[in-house]
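Dear colleague,

Please find the structure below, handed over for your records. A summary of the findings follows it.

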Amino acid sequence: PTTIPPARFAVLGLTSMGSTFFSVRSLRYVIYPIQVLAKSCKPVPVMLMGAFMGKKYPPKKYVNVCLIVAGVGLFMGGGSNKSKKGAA
């Protein structure tokens, strides 16, 4: 049993459904590789907000997020160098 009133629960559900709908609709205007790269960096703001709100994360979690961000950065920065060498 929950203590949340049904009206508030309905608002929460509709808000969640609406955010999913609009986020999917807005992603139509972004190319797929950028979508994947942006989603890969999602843990950064989630962890920042969690830390801001007082949540404690283990050091391993910070290392994992740093590795993900570094990998995304290397992936994004690596493509332009190869195309310049091949064109010259």
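Cys41 is partly exposed, with a relative accessible area of 26%; the term covers values between the limits for buried (under 20% relative accessible area) and exposed (over 50%), taken with a 1.4 Å probe and protein chains only. Cys66, at 53% relative accessibility, counts as exposed. The structure holds zero disulfides, a disulfide being a pair of cysteine sulfur atoms within 2.5 Å. In general terms, a disulfide is a covalent bond between the sulfur atoms of two cysteines.

As to provenance, this is a predicted model, in which local features need pLDDT of at least 70 and side-chain atom pairs count only at pLDDT 80 or more, while totals for chains, interfaces and linings use all residues. Residues are numbered from 1 along each chain as its sequence is written, and side-chain values use heavy atoms, with hydrogens and water left out.

The secondary structure of the protein chain consists of four helices and zero strands; these are DSSP runs numbered from the N terminus, with helices being H or I of at least four residues and strands E of at least two. Along the sequence, the pattern reads α-α-α-α. Of the 88 residues in the protein chain, 8% are buried. The protein chain exposes about 7700 Å², and carbon and sulfur atoms supply 73% of that area, as computed by the Shrake-Rupley method with a 1.4 Å probe, where for residues only the protein chains shown count as cover.

Gln35 belongs to helix α2, which spans residues 32-40. Gln35 is buried, its relative accessible area being 15%. Apart from neighbours within four places in sequence, Gln35 is in contact with Leu27 and Val30, contact meaning heavy atoms within 4.5 Å.

A search of the whole structure also finds two aromatic pairs. Rings of Phe, Tyr and Trp (its six-membered ring) pair if their centres lie within 6.5 Å; planes under 30 degrees apart count as stacked, over 60 as edge-to-face and the rest as tilted. Phe21 and Phe22 form an edge-to-face pair, with 5.1 Å from centre to centre and 75 degrees between the planes. Phe21 is partly exposed at 47% relative accessibility, whereas Phe22 is exposed at 57%. Tyr57 and Tyr62 also pair edge-to-face, with 6.0 Å from centre to centre and 85 degrees between the planes. Here Tyr57 counts as buried at 16% relative accessibility, while Tyr62 is partly exposed at 39%.

Yours sincerely
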